[in-house]
Amino acid sequence: MSETIHVPGGRDVRGTLETADSDADSDAVVVACPPHPQQGGHRGDERLVAVADELTDRGVDCLRFDYGPWDEGRGERGDAARAVEWAVERYDRAGLFGFSFGGAVALLTAAEGADVEAVSALAPASGLPDGSDVTAAFEEIPVPVQVVYGTRDDVADAAAVADRAREFEQVVVELDADHFFVGQAGKVAERVADFLVPWVRPDDSR
């Protein structure tokens, strides 16, 4: 099941909440950040949908959202933070995921104190237009991190983010893929869920 959500906070941020495929209400949720909105990124992105489907199959809800008006990364991080706040008011535990621009947003939002158990970034950009340095964020992220990237990515400098994650002994997954993981959305979703589900549903998965 899915429902449309308006995330409060002063900006027009709307999302789709996908609920888990089970009879009981889920006590866990993952907030999913879309890729660059000025390059067509939105909450219906194939990779976000695949991750949401995999999570709900495993008993975890997923909130995919669209950013408010373009703000070079500042407002978008705020949107992610408000989405997490909305989630933790309703769920016991939350995780954070993002793809490309959204991967950078997820990592920076975690570094800025979002109340999440873990964060997964798929092909994250190494910086945002507002000058934010994603590689520096690892010094401030207090939770487990996963970086998934394609070895043939020629769009984002995700390898630099992956190298930084390794320095901090975080989880790095390399796939033989380009930036968009063409034909591999299902594989990506499995890897992301394998990482996030044990953190947001520890009683069931760890």
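1. A pocket, as the word is used here, is an open set of grid points where a 1.4 Å probe fits, with protein on both sides within 12 Å along at least five of seven lines. The model is a predicted one, and its largest pocket has a volume of about 310 Å³. The lining of this largest pocket comprises 18 residues, of which Pro 35, His 36, Gln 39, Ser 100 and His 179 are the closest to the centre. Sorted by class, the lining of the largest pocket holds eight nonpolar and eight polar residues, together with two charged ones.

2. For the second largest pocket, the computed volume is about 200 Å³. Its lining is made up of 13 residues, and those that lie nearest the centre of the second largest pocket are Thr 19, Asp 25, Ser 26, Asp 61 and Tyr 91. The class division for the lining of the second largest pocket is six nonpolar, three polar and four charged residues.

3. Turning to helix packing, helix 2 (residues 74–88) packs with helix 3 (residues 101–111) at an angle of about 65 degrees, and their axes are 9 Å apart. Helix 2 and helix 3 are therefore roughly perpendicular to each other, and the crossing in which helix 2 passes helix 3 is right-handed. On the helix 2 side the contact involves Glu 76, Arg 77, Ala 80 and Ala 81, which meet Phe 101, Val 105, Leu 108 and Thr 109 in helix 3. The residues of this contact of helix 2 with helix 3 comprise five nonpolar, one polar and two charged.

4. The axes of helix 1 (residues 46–57) and helix 6 (residues 185–200) cross at roughly 50 degrees and come within 8 Å, which makes helix 1 oblique to helix 6. The crossing of helix 1 past helix 6 is right-handed. By class, the contact of helix 1 with helix 6 has eight nonpolar and three charged residues, with no polar residues.

Note on methods: Residues numbered from 1 in each chain as written. Predicted model: local features only at pLDDT ≥ 70, side-chain atom pairs only at ≥ 80, totals over all residues. Heavy atoms only, no water. 1 Å grid on protein atoms, 1.4 Å probe; cavity = no way out; pocket = protein on both sides within 12 Å on 5 of 7 lines; lining within 4 Å. Points joined across faces, edges and corners; volume = space filled by probe spheres on them. Nonpolar A, V, L, I, M, F, W, Y, C, P; charged D, E, K, R; others polar. Axes fitted to C-alpha atoms, helices over the stretch in contact; angles between N-to-C directions. Helix = DSSP H or I, 4+ residues; strand = E, 2+ residues; numbered from the N terminus. Parallel < 35°, antiparallel > 145°, perpendicular 65-115°, else oblique. Left-handed = near helix turned anticlockwise from the far one by under 90°. Contact = heavy atoms within 4.5 Å.
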